[in-house]
Amino acid sequence: MENLRPPVVAGKFYPANPVELRETVQACMKPTEEPTEALACMLPHAGYIFSGAVAGLTLGQVRPPAAALLIGPNHSGRGPELSLWPDGVWRTPLGDVPVDADGTQSLLRKEPLFQADCQAHRLEHSLEVLLPFLQLLRPDLKILALCVRSHNLATLDRAGQAIASFVQERREEGEAPLLITSTDMSHYLPHDQGRKLDALALEQVEKLNPQSLFQVCVDNKISMCGFTAMTMMLFACRSLGASSCRITAHTNSGITGRAYGAGLNSVVGYAGAIIR
């Protein structure tokens, strides 16, 4: 039987009904007339009523290729430090997304820190919630899925260099995958405090500075759940010659969820970014 990763947050973070899901994603998307060729994106992964507009606004400005390498945090603590889903398909209510098994094997050969593993992904929502957006943009999408549990800067650097080498090879073959990091920003803080801490982290993202992003988050105890995944991606982007990063949006659950009763006393931050 094909290696299937079924949806685990359909009906919770986003609609389980495919018609409703398609309509919801389309409502979040604001595609530009001239989307840009991007190297990488940073996207949030909360319920769509809270963060879907940020994800849609950001991806709507990008011309995605037929493959994407999704990098997200490990919220469950299951599995090895760097878990690559090996093969098969990921399912959403909109259909199945095939895994780029050849690309995954290439990454596994490049860097032994990566391990073929499904357990880290089984209960993890951070990559799943982004798939419906990508499915609408690229129905022919293939993915590589990486779940990051490591908090070791040297490990993140090594992994980022391996990703850069893989992307460069794909460039030379014709089309490189879009790198996508899935992360929310600070968690459960008053609005003003959360905005200030988010700004510290986003300043380093804009500067394409992985070491400083890592250190700022550690020193200030910023609860950006995917800061290690983003650190890894920035190492890769720097190695690939990235020249600019633009923050597309920055908000929080107290603002986006106001109609649903959310307040400003305890918010989760959401931001989007495009790297070229």
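Strand 3 (residues 67-73) and strand 8 (residues 142-148) run parallel and are joined by 7 bridges. This is a predicted model, in which local features need pLDDT of at least 70, side-chain atom pairs count only at pLDDT 80 or more, and totals for chains, interfaces and linings use all residues. Residues are numbered from 1 along each chain as its sequence is written, and side-chain values use heavy atoms, with hydrogens and water left out. Helices (H or I, at least four residues) and strands (E, at least two) are DSSP runs, numbered from the N terminus. Two strands pair if DSSP finds at least two bridges between them.

- An open sheet is built from 8 strands in the order 7-4-8-3-9-2-11-10, with mixed pairing.
- Strand 7 (115-116) and strand 10 are at the edges and have a single partner strand each, so one side of each has no neighbour in the sheet.
- Within the pairing of strand 3 and strand 8, isoleucine 71 has leucine 146 in strand 8 as its bridge partner.

- Another open sheet has 3 strands in the order 1-5-6, and its pairing is mixed.
- Its edges are strand 1 (4-5) and strand 6 (95-98), each with a single partner strand, so one side of each is left without a neighbour in the sheet.
- Strand 1 runs parallel to strand 5 (residues 89-92), and 2 bridges join them.
- Leucine 4 has valine 89, in strand 5, as its bridge partner.
- Strand 5 also pairs with strand 6, in the antiparallel sense, over 4 bridges.
- Tryptophan 90 has valine 97, in strand 6, as its bridge partner.

**Helix packing**

- Two packed helices are described by the angle between their axes and the distance between the axes.
- Axes are lines fitted to C-alpha atoms, for helices over the stretch in contact, and angles run from 0 to 180 degrees between N-to-C directions.
- Angles under 35 degrees count as roughly parallel, over 145 as roughly antiparallel, 65 to 115 as roughly perpendicular and the rest as oblique.
- A crossing is left-handed if the near helix is turned anticlockwise from the far one by less than a right angle, and right-handed if clockwise.
- Helix 8 (residues 210-219) packs against helix 9 (residues 227-239) at about 165°, and their axes are 8 Å apart.
- Helix 8 is therefore roughly antiparallel to helix 9.
- Helix 8 and helix 9 make a right-handed crossing.
- Helix 6 packs on helix 9 at an angle of about 45°, with the axes 7 Å apart.
- Helix 6 and helix 9 are thus oblique to each other, and their crossing is right-handed.
- Helix 3 (residues 101-110) and helix 6 (residues 153-173) cross at roughly 135°, with axes that come within 9 Å.
- Helix 3 is therefore oblique to helix 6.
- The crossing of helix 3 with helix 6 is right-handed.

**Pockets**

- On a 1 Å grid over the protein atoms alone, a cavity is a set of points where a 1.4 Å probe fits but cannot get out, and a pocket is an open set with protein on both sides within 12 Å along at least five of seven lines; lining residues have an atom within 4 Å of a point.
- Grid points are joined across faces, edges and corners, and a volume is the space filled by probe spheres set on the points.
- The largest pocket has a volume of about 280 Å³.
- It is lined by 17 residues, and Glu37, Ala38, Leu39, Arg171 and Ala176 are the closest to its centre.
- Its lining has 10 nonpolar, 1 polar and 6 charged residues (Ala, Val, Leu, Ile, Met, Phe, Trp, Tyr, Cys and Pro count as nonpolar, Asp, Glu, Lys and Arg as charged, and the others, Gly among them, as polar).
- The second largest pocket has a volume of about 170 Å³.
- Its lining counts 14 residues, with Asp184, His187, Tyr188, Val268 and Tyr270 the closest to its centre.
- By class, that lining has 7 nonpolar, 6 polar and 1 charged residues.

**The cavity**

- The structure holds 1 cavity of 30 Å³ or more.
- The largest cavity has about 30 Å³ of space.
- Its lining includes Ser186, Gly194, Arg195, Asp198 and His250.
- Helix 7 (191-206) and strand 10 (245-252) each supply at least two residues of this lining.
- The lining of the largest cavity divides into 2 nonpolar, 6 polar and 2 charged residues.
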